[in-house]
Amino acid sequence: MAEGYELPLLLFAGFRSLIDELHAELAEQGHPDVRPAHGFALQAVGRDGATAGELGRRLGVSKQAAGKTVDRLERLGYVERVDDPDDGRRKLVRLTPRGVDVLMRSAAIFDRLRARWVEALGAERVGELESDLRAVVPVEGVRLDAAGWFGL
């Protein structure tokens with residue numbers, strides 16, 4: 001029987017291998033500067049954009065930490081700050097075409113990586129693994145605050 005600590009380590013190792021492969025491919029495809037924490041932030045910005053405060057809440061970090069992440073993503077060309085149409089005193093962070101591109105490329109790469117797992121383990125086992133994980137993941141599902149949770 002496996003030791004209890006092995007399960008989280010194996011889950012993390014699987015996650016890490018997928019993310020490392022994703023970023024190696026993204027670098028080859030013209031996105032060498034994007035980091036794992038950036039992916040969480042870009043997802044948190046979403047299609048409709050977000051204020052720095054909203055972004056901080058979604059990521060589980062302070063507004064100041066979210067602002068620093070936005071500064072970095074803006075310098076890299078993945079997001080832009082625009083006037084909030086609902087409140088002229090606020091700025092809205094939105095994805096740029098480059099930000100949309102990296103998310104679309106990420107989705108396609110994740111599909112290829114999943115297909116490799118299917119090739120190695122079989123479609124039924126991968127489907128069962130995903131189903132089993134959904135059964136034990138909290139009802140609210142996947143959270144984007146991993147960077148903040150890790151203390152980044």
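Arg-89 is exposed, because its relative accessible area is 77%. Arg-89 forms a salt bridge with Asp-87, and the closest N and O atoms are 3.0 Å apart. A salt bridge here is a side-chain nitrogen of Lys or Arg within 4 Å of a carboxyl oxygen of Asp or Glu. Asp-87 is buried, since its relative accessible area is 18%. Asp-87 also forms a salt bridge with Arg-90, at 4.0 Å between the closest N and O atoms. Arg-90 is partly exposed, with a relative accessible area of 36%.

This is a predicted model: local features need pLDDT of at least 70, side-chain atom pairs count only at pLDDT 80 or more, and totals for chains, interfaces and linings use all residues. Residues are numbered from 1 along each chain as its sequence is written, and side-chain values use heavy atoms, with hydrogens and water left out.

The whole structure holds 12 salt bridges. Another one of them joins the side chains of Asp-101 and Arg-105, at 2.8 Å from N to O. Why are Asp-101 and Arg-105 separated by about one helical turn? They are 4 residues apart in helix 5. An α-helix has 3.6 residues a turn, so residues three or four places apart point the same way. Asp-101 is partly exposed at 28% relative accessible area. Arg-105 is partly exposed too, at 29%. Salt bridges that share partners join Asp-84, Asp-87, Arg-89 and Arg-90 into one network.

Now the overall layout. The protein has 7 helices and 2 strands. Helices (H or I, at least four residues) and strands (E, at least two) are DSSP runs, numbered from the N terminus. From the N terminus on, their order is α-α-α-α-β-β-α-α-α. The C-alpha trace spans about 60 × 30 × 25 Å along its principal axes. Of the 152 residues, 30% count as buried. The accessible surface comes to about 10200 Å², and carbon and sulfur atoms own 56% of that. Accessible areas come from the Shrake-Rupley method with a 1.4 Å probe; for residues, only the protein chains shown count as cover. Among contacts with a separation of 6 or more, 54% are between residues 24 or more positions apart. Contact means heavy atoms within 4.5 Å.

The largest nonpolar core has 22 residues, of which Leu-42, Leu-55, Tyr-78, Val-79 and Val-102 touch the most other members. Two or more residues each come from helix 1, helix 2 (36–45), helix 3 (52–59), helix 4 (63–76), strand 2 (87–95) and helix 5 (97–121). Helix 2 gives the most to this core, with 5 residues. A nonpolar core is a set of buried Ala, Val, Leu, Ile, Met, Phe, Trp, Tyr and Cys residues joined through side-chain atoms within 4.5 Å.

Which residues does Val-102 contact, leaving aside neighbours within four places in sequence? They are Leu-26, His-31, Val-34, Leu-42 and Tyr-78. Ser-106 lies in helix 5. Ser-106 is buried, because its relative accessibility is 11%. With neighbours within four places set aside, Ser-106 contacts Leu-22 and Leu-26.

Helix 2 deserves a look of its own. Its buried residues include His-38, Phe-40, Ala-41, Leu-42, Ala-44 and Val-45. Gln-43 also lies in helix 2, but Gln-43 is partly exposed, at 46% relative accessibility. Just after helix 2, Gly-46 takes a positive phi of about 70°.

Leu-7, Leu-11, Leu-129, Leu-133, Val-136 and Val-137 make a nonpolar patch of about 510 Å². Patches are made of residues with over 30% relative accessible area and no salt bridge: like charges are joined within 9 Å, nonpolar side chains (Val, Leu, Ile, Met, Phe, Trp, Tyr) within 5 Å. Helix 1 (6–28) and helix 6 (123–136) each supply at least two residues of the patch. Helix 6 gives the most, with 3 residues. Val-137 sits in the loop between helix 6 and helix 7 (146–149). Val-137 is partly exposed, at 37% relative accessibility.

Finally, the rings. The structure holds 1 aromatic pair. The rings of Phe-12 and Phe-15 have centres 6.3 Å apart and planes at 35°, so the pair is tilted. Rings of Phe, Tyr and Trp (its six-membered ring) pair if their centres lie within 6.5 Å; planes under 30 degrees apart count as stacked, over 60 as edge-to-face and the rest as tilted. Phe-12 and Phe-15 are 3 residues apart in helix 1, so about one helical turn separates them. Phe-12 is partly exposed, at 39% relative accessibility.

Technical notes:
Buried means under 20% relative accessible area, exposed over 50%, partly exposed in between (1.4 Å probe, protein chains only).
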